[in-house]
Amino acid sequence: MKICPQCRQSYDDDGLNFCLNDGSVLNQAPSSEAKTMYFEAARKTTEYGVAPQSQPPAVWQGQQQMQPQQFGGVAPYAVNRDKSLPIISLLLGIFSVLLMCFVIGVPIGLGAIITGALAIKNENNDPGRFGGRGLAIGGVVLGALGLVAGLFFFILYSIG
Ligand SMILES: [Zn+2]
């Protein structure tokens with residue numbers, strides 16, 4: 001066994017004197033260097049008490065069984081949840097703020113709060129079917145703003 005000092009290439013042919021890659025004079029490799037290094041056997045990854053899990057956690061198993069019948073194979077929390085009520089609430093909320101100077105802003109704001117609260121209640125009861133909680137919250141907040149401001153302007157006009 002010979003070894004090249006430049007590129008560490010080893011050659012089994014002892015008759016070879018020069019490296020075939022770079023032409024350096026080959027050294028006689030010490031016998032220990034020729035041996036393949038052995039590491040200890042691979043560490044068992046389960047030894048820290050983490051059992052291999054062939055099944056998902058119990059919480060998820062019930063949901064996965066429900067999926068095919070209830071949602072027709074479509075996963076829950078899909079994008080096509082019913083968001084019509086939250087959108088109505090948000091639109092009413094925007095209108096109530098825009099029309100807050102007029103008395104009509106008060107009932108529109110009230111409508112936004114009611115529809116928004118209903119939308120949030122629907123999503124809490126059946127989150128697989130109803131979505132748009134953020135829109136509904138926006139509707140409730142804007143509706144409340146329109147309602148309060150509308151009442152404020154109404155009182156202001158009444159006094160004036
Ligand atoms: Zn070499």
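**Figure 1. A nonpolar patch on the surface.** Ile87, Leu91, Ile94, Phe95, Leu98 and Leu135 form a nonpolar surface patch. Together they have about 530 Å² of accessible area. Patches take residues with over 30% relative accessible area and no salt bridge, joining like charges within 9 Å and nonpolar side chains (Val, Leu, Ile, Met, Phe, Trp, Tyr) within 5 Å. Areas come from the Shrake-Rupley method with a 1.4 Å probe, and for residues only the protein chains shown count as cover. Helix α3 (residues 84-98) gives the most to the patch, with 5 residues. Leucine 91 is found in helix α3. Leucine 91 counts as partly exposed because its relative accessibility is 45%. The cut-offs are under 20% relative accessible area for buried, over 50% for exposed, and partly exposed in between (1.4 Å probe, protein chains only).

The model is predicted: local features need pLDDT of at least 70, side-chain atom pairs count only at pLDDT 80 or more, and totals for chains, interfaces and linings use all residues. Residues are numbered from 1 along each chain as its sequence is written, and side-chain values use heavy atoms, with hydrogens and water left out.

**Figure 2. Overview of the elements.** The protein has 5 helices and 3 strands. From the N terminus on, they run β-β-β-α-α-α-α-α. Helices (H or I, at least four residues) and strands (E, at least two) are DSSP runs, numbered from the N terminus. The protein has 160 residues, of which 22% count as buried.

**Figure 3. Helix α3 beside helix α5.** The axes of α3 and helix α5 (residues 133-159) come within 7 Å. They cross at roughly 25 degrees. The two helices are therefore roughly parallel to each other. Axes are lines fitted to C-alpha atoms, for helices over the stretch in contact, and angles run from 0 to 180 degrees between N-to-C directions. Angles under 35 degrees count as roughly parallel, over 145 as roughly antiparallel, 65 to 115 as roughly perpendicular and the rest as oblique. The α3 and α5 crossing is left-handed. A crossing is left-handed if the near helix is turned anticlockwise from the far one by less than a right angle, and right-handed if clockwise.

**Figure 4. Two residues of helix α5 and their C-alpha distances.** Valine 141 lies in helix α5. Its relative accessible area is 53%, so valine 141 is exposed. The C-alpha atoms of valine 141 and glycine 93 are separated by 7.4 Å. Along the chain, valine 141 and glycine 93 are 48 residues apart. Leucine 145 is also found in helix α5. With a relative accessible area of 47%, leucine 145 is partly exposed. Between the C-alpha atoms of leucine 145 and serine 96 the separation is 8.0 Å. That pair is 49 residues apart along the chain.

Figure 5. The axes of α3 and helix α4 (residues 105-125) come within 8 Å and cross at roughly 155 degrees. That makes α3 roughly antiparallel to α4. The crossing of α3 and α4 is left-handed. Helices α4 and α5 pack at an angle of about 155 degrees, their axes 7 Å apart. So α4 is roughly antiparallel to α5. The α4 and α5 crossing is left-handed.

Figure 6. The whole structure holds 2 salt bridges. A salt bridge is a side-chain nitrogen of Lys or Arg within 4 Å of a carboxyl oxygen of Asp or Glu. Arginine 81 and glutamate 123 meet through their side chains in a salt bridge (4.0 Å, N to O). Arginine 81 sits in the loop between α2 (58-71) and α3, and glutamate 123 in helix α4, 42 residues apart. Glutamate 123 also forms a salt bridge with arginine 133, with the closest N and O atoms 3.7 Å apart. Glutamate 123 is buried, with a relative accessible area of 10%. Arginine 133 is partly exposed, at 32% relative accessible area.

**Figure 7. Arginine 8 in a loop between strands.** Arginine 8 lies in the loop between β1 (2-3) and β2 (10-11). Arginine 8 has a positive phi of about 60 degrees, although it is not a glycine. Most residues other than glycine have a negative phi. Arginine 8 is exposed, with a relative accessible area of 51%.
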